[in-house]
Amino acid sequence: VWGTQNVAYSLRVRRGACPGAREDCSGRGTCDATVGLCTCQAGATGADCANEAGELVLGTAVTQPPREAYTADIYSLSGLTDMSLTVALQLNVSFTSMRPLPTWVSARPSLLVSPMAEGAALPDLTPDSAAYKLFLPEVNATYQLVLDFAQVGSGYLAVALWNPLSAPYHLGYTITPSLVGRCLDDCSGPHGTCGSNGRCTCLPNWAGASCSVDLASLGNATEVCVPGSRLPMRKDELHATCWEPCNADTGSFDPSSCADWTCDALGPEGKPQRRAGAASACVTDLCWPGGGAVTLPDESGSFVCDRACVCPEDGSACALDAGCTANSTRCLNGLILAKGADGSEQCVQGQSGACEEGSLRLAIPLLGGAAYAVCVCQPLPTNQVVSEVKEGTSCEYTSPSAAEAAAEGGAVPATGGGAGLVVCLAGYQVEGAHEDALVLSDGRTLTSGGKCQVIVIPKRGTSAGGVAFWCFFSILLAAVTVVGGRHGLEWYEARRWDLGEESSGWTGYVRLGVDRLLQRRQVASSDSNNERW
């Protein structure tokens, strides 16, 4: 029980159809008694629906009165995409108890926080799985957890109040999220106040980015800065922060320039961004320079190729190159790779239809299978060779036809323009195919032609030799049974004669064994005396 001293507890067990401390589903859901599961109502979560689920709003406190039997109330928090280096998220949290907690109970609630994706379901946060944890040691004391924009991640958080004292103690809590400014040097303490935008509002007689300049010592100056200092100015529309430099001539910050430019981690579309070189702008890269080339199809759908990620020297967004890398083009839809006049690779249509030699295309269905057309390439006559095509060949598919197959009894020709490759379904086999019937331009050969026939498994009969063997075996078995039975009966009668009246008990077997042993010893002794004489 998280204590440091001995303590006695009484265990209360409630028998119900579904989980719940005092009633099924804690009175906050519907119980399915057939499977013992709860369907929680809106605003409730957990196996027993005892936990609270909701949404936190910046600047608005969420307060729960003390109650028992809950382990983790969880909330979602959004609206954090405009955070920057000078703006942080602050979570103020405190907890209350219906009665004082004993000093020997060391367990206390904790605030748990973890980044989450936009629109994702609330996770089950525990002290082991949470990214950030804040332990709350004292009742009615307010604690703060401050996260900068890098820790917030995508701008969506899951926030939970973890309660290890779910029973018998009644605990309540208050959580207030807000955005706070992170000003330079905290505005020099009492010389100014830090605004929510991260900029100092100085008190009279004080100036500068951190309110560190004493105006009284500088005469009538109203806005001064120390040379080399910078003033962070939030640029919400650009999702960045401009650091205005101190103009030594005017003694004030120059709003027309930026000595430095800091981009938010995420851009307007929630995507990572960076500074565009030395410019006062932020860009989102469309590719990763270290990720290697990306294979993409052309807009025309005629080919695919590898495109490299190119990053301009001026620091603008990295994007995929419009051209293909060398020797990476692969044609689609049966087109043939060609060389243009400028040496570039292109995909063009061949002289007599284009296809990749040896490739197959479904032609006609057959009983128990199908016939496929085969792409066969033939050399073109010299006067027909296309100059752009790498190889002077004409490739086209054969043309198996249903009419020709029907005329041949369902068989596809093995040669000629109507030749095809026959592929059969399970339970069928190719019959009448001709090996090496189709010859490709590189010398390879294919088996073609034929039709699909049902696989017939022949029935196995019994030969004359087998019949004779089984007849002989049966006769032999009968003879052994008769002869063995006779000898068995004779042995049984002899045993009963030797045992006499004790044949019905186990002692008769022992006596018979002892008598036989004595007889053998007597015979052995008699033989020994005969030899002595």
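**Disulfide close-ups in a predicted model**

**Figure 1. The Cys187–Cys200 disulfide in the predicted model.** Cys200 has a relative accessibility of 11% and therefore counts as buried, the limit for that class being under 20%. The sulfur atoms of Cys187 and Cys200 lie 2.0 Å apart. This pair links distant parts of the chain, 13 residues apart: Cys187 belongs to the loop between β12 (171-181) and β13 (192-194), and Cys200 to strand β14 (residues 200-202). The link of Cys187 and Cys200 is left-handed, with -100° about the S-S bond. The structure holds twelve disulfides.

**Figure 2. The disulfide formed by Cys305 and Cys324.** A distance of 1.9 Å separates the two sulfur atoms. Because the torsion about the S-S bond is about -60°, this disulfide is left-handed. Cys305 is located in strand β24 (residues 303-307), while Cys324 sits in the loop between β26 (319-320) and β27 (330-331); the pair therefore ties together parts 19 residues apart in sequence. Cys305 is buried, its relative accessible area being 0%, whereas Cys324 is partly exposed at 33%.

**Figure 3. The disulfide joining Cys424 to Cys452.** Here the S to S distance is 2.1 Å. The torsion about the S-S bond of Cys424 and Cys452 is about -100°, so the disulfide is left-handed. Cys424 lies in strand β33 (residues 421-424) and Cys452 in strand β37 (residues 451-454), so that parts 28 residues apart in sequence are tied together. Cys452 counts as buried, with 5% relative accessibility.

How values were computed. Residues numbered from 1 in each chain as written. Predicted model: local features only at pLDDT ≥ 70, side-chain atom pairs only at ≥ 80, totals over all residues. Heavy atoms only, no water. Disulfide = S-S within 2.5 Å. Helix = DSSP H or I, 4+ residues; strand = E, 2+ residues; numbered from the N terminus. Buried < 20%, exposed > 50% of the residue type's maximum accessible area, 1.4 Å probe, protein only.
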